[in-house]
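Please keep the sequence and the model in view while reading.

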Amino acid sequence: MAPALVDETTQDLTNQAIAKDLVNHAKAHASNGVSNGSVDALSELNASRLRITLTNDSRTIPPPTSSQVKSQNACTDHMITATWTATEGWHDPELKPYGPFSMMPNASVLHYGTECFEGMKVFRGDDGKLRLFRPDRNCARMLISATRVALPVFPPLELEKLIKMLVAVDAEKWLPKTRPGNLLYLRPAMIGTHAALGVQRPQEALLFVIMCMFPNLDVPISAAAMTSGIINGEGPPPQHLSTTNPGLKLLASQDDIVRAWPGGFGYAKVGGNYGPTLAAQGEARSRGYDQILWLFGEEKYVTEAGASNFMVVWRTKEGRVEMVTAPLDDRMILDGVMRRSTLELARERLSGGDHCEMEPLSVVERKFSMLEMEQAILDGRMLEAFVCGTAVSTTQLSLRVPG
Ligand SMILES: *Cc1c(COP(=O)(O)O)cnc(C)c1O
C-alpha cells in the first residue's frame, strides 16, 4: 500500500483555524468582562471609548448628478478608524476628518490581500428619519470575512455602534432632510497593516468606516431599470417583464474563469474575491452587459451575479411556482442581507395564507443549473429572474435564450 501523504488530522485546516479564532475571541471577551485586572487580557474594540476630532475644513456637497458622485468618490467629512495590535488588542477608536492613511510599503495588505469589507446604506426616509437596513447582519458578516483572511476578531455590536456614530455626525449635512428618499453608502473595511514581508498572519490591522454619496444604480447600464420595490418600497411599482423593458443583461461566465469554489472564500466579502473578476467584468460591460452571471462546474450551476445574489421564479414541470436561489451550505456564495430578506419576505408573504394575493410559491435554496433555466424559458415556465444586493437593490432581468 502506498504511504499516506496526507495526515488525516490536518484536513479541514481553514475551518479549524477559523473556529479556533472565534473561540479564543469569545474567551478573551468573557475574561475582559470580569475585569480582573489580568495584564494578559487584550483590549476589546469598544465604541464607548471613541475619540472625536471634528474637521475644520467642512466640504461642500457635490450635486447628486456630478461625476464625483457617479464614480463614488464623494466621501463625507469624517471617518472612523481603529487600530489593532497583536500585543495590545484594539486601541481606542477615532472619529476624525476623512483623509489618507499612511502605511509602510511592506504592509501585509499591499502584498497578501489581507482585506475585507462591507457595503451598506443609510436612508433618509420621507418622514425625515435616518435608517440603516439590518446593520447587525453586515457587522456579523464582517467578522466572518475578517476571520477568513486572518484579520483580528471584534464584537460586531461595537462596529455597529461605531457606524451609527459616523452616521450621527455626518448624515445631517450629507443626507439632508431636504432630500428625502436619498441615501449614503457606508463602507466598513479592515486591512492588515503589519509591516513585514514574511508571509504570515498580520500582527497589526486597521479597521475603518467611510461613507460616500451614491449614484442611482437602479438604472442598469444596458437599459432602463425596473426595480420591483419589494424590499425598500422605493422606485417604480412592480411591472411584468415586457419586450419594451429589457431589464438587466447578464453575461454567463465562461469555463476559463471561476469566481469561487468549495473550500475557497466565496462566502466572505474579501477584496481577493473582486480584483480577479474586474477584467472579465470590464469585458462584459464593453460588450453591452451589466454584469457577469457566475456559473460553477461542468453542470454550470448558477451561483450569483456580479456582487449580488441571483434568484429565479419559475413554474416546475409539475406546475407549482417556485422561487429558487443557490444554497449557502457549500460556502461558495455570499450570504447576502438582501438575499435573506427576500427569502424571508417570500416565505412569509408569498407562500400562501390570508395575506397572499397571488398564486402561492415555495422558496427553495438549492443548486440549479443554466440548463434548467434554459429549459424553463423554452417551456415558457420561467416567470421572472432578478438580482438582489445592497448596491443594486432588487433588479429584474430580461429573459431570453440567445439564438
Ligand atoms: C455584497 C455581495 C452580495 C450582496 O450582499 P448584500 O448583503 O445583500 O448586499 C452578493 N454577492 C456578492 C458576491 C457580494 O459581494
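D379 has a relative accessible area of 39% and is therefore partly exposed; in the terms used here, buried means under 20% relative accessible area, exposed means over 50%, and partly exposed lies in between (1.4 Å probe, protein chains only). The model is a predicted one, in which local features need pLDDT of at least 70 and side-chain atom pairs count only at pLDDT 80 or more, while totals for chains, interfaces and linings use all residues. Residues are numbered from 1 along each chain as its sequence is written, and side-chain values use heavy atoms, with hydrogens and water left out.

D379 lies in the loop between α8 and β16. Helices (H or I, at least four residues) and strands (E, at least two) are DSSP runs, numbered from the N terminus. Although D379 and K317 are separated by 62 residues in sequence, their C-alpha atoms are 8.9 Å apart in space. R381 is also placed in the loop between α8 (370-378) and β16 (382-389). R381 counts as buried because its relative accessibility is 13%. Leaving aside residues up to four places away in sequence, R381 touches W314, R315, T316, K317, Q375 and A376, where contact means heavy atoms within 4.5 Å.

Which strands pair with β13? Two strands pair if DSSP finds at least two bridges between them. β13 and β16 run antiparallel and are joined by six bridges, with W314 opposite M382 in β16. Strand β14 (residues 321-325) pairs with β13 in the antiparallel sense over five bridges, and M311 faces T325 of β14 across this pairing. β12 is also an antiparallel partner of β13, over two bridges; here A305 stands opposite S308. In a regular strand the side chains alternate between the two faces of the sheet.

Two of these pairings are hairpins. β12 and β13 have two residues between them, and G306 in the turn has a positive phi of about 55 degrees. In the hairpin of β13 and β14, five residues lie between the strands, and the turn residue G319 has a positive phi of about 100 degrees.

Most residues other than glycine have a negative phi, and most peptide bonds are trans. K300 has a positive phi, near 55 degrees, although it is a residue other than glycine. K300 is located in the loop between β11 (291-296) and β12 (301-305), and with a relative accessible area of 33% it is partly exposed. Q72, likewise not a glycine, has a positive phi of about 55 degrees. The loop that holds Q72 runs between α2 (67-70) and β2 (78-85), and at 33% relative accessibility Q72 counts as partly exposed.

Another enclosed strand is β8, residues 183-192. Nine of its ten residues are buried, so β8 is largely enclosed by the rest of the structure. Nine bridges join β8 to strand β9 (residues 204-213) in an antiparallel arrangement, in which M190 stands opposite L207. Strand β6 (residues 120-124) is joined to β8 by four bridges, again antiparallel, and F123 is placed opposite L183. Strand β5 (residues 115-117) pairs with β8 over three bridges in the antiparallel sense, with F117 opposite A189.

N15 and G263 are 248 residues apart in sequence, yet 9.1 Å apart in space, C-alpha to C-alpha. With a relative accessible area of 35%, N15 is partly exposed.

For the chain as a whole, the secondary structure comes to eight helices and 17 strands. Buried residues make up 45% of its 403 residues. Among contacts with a separation of 6 or more, 68% are between residues 24 or more positions apart.
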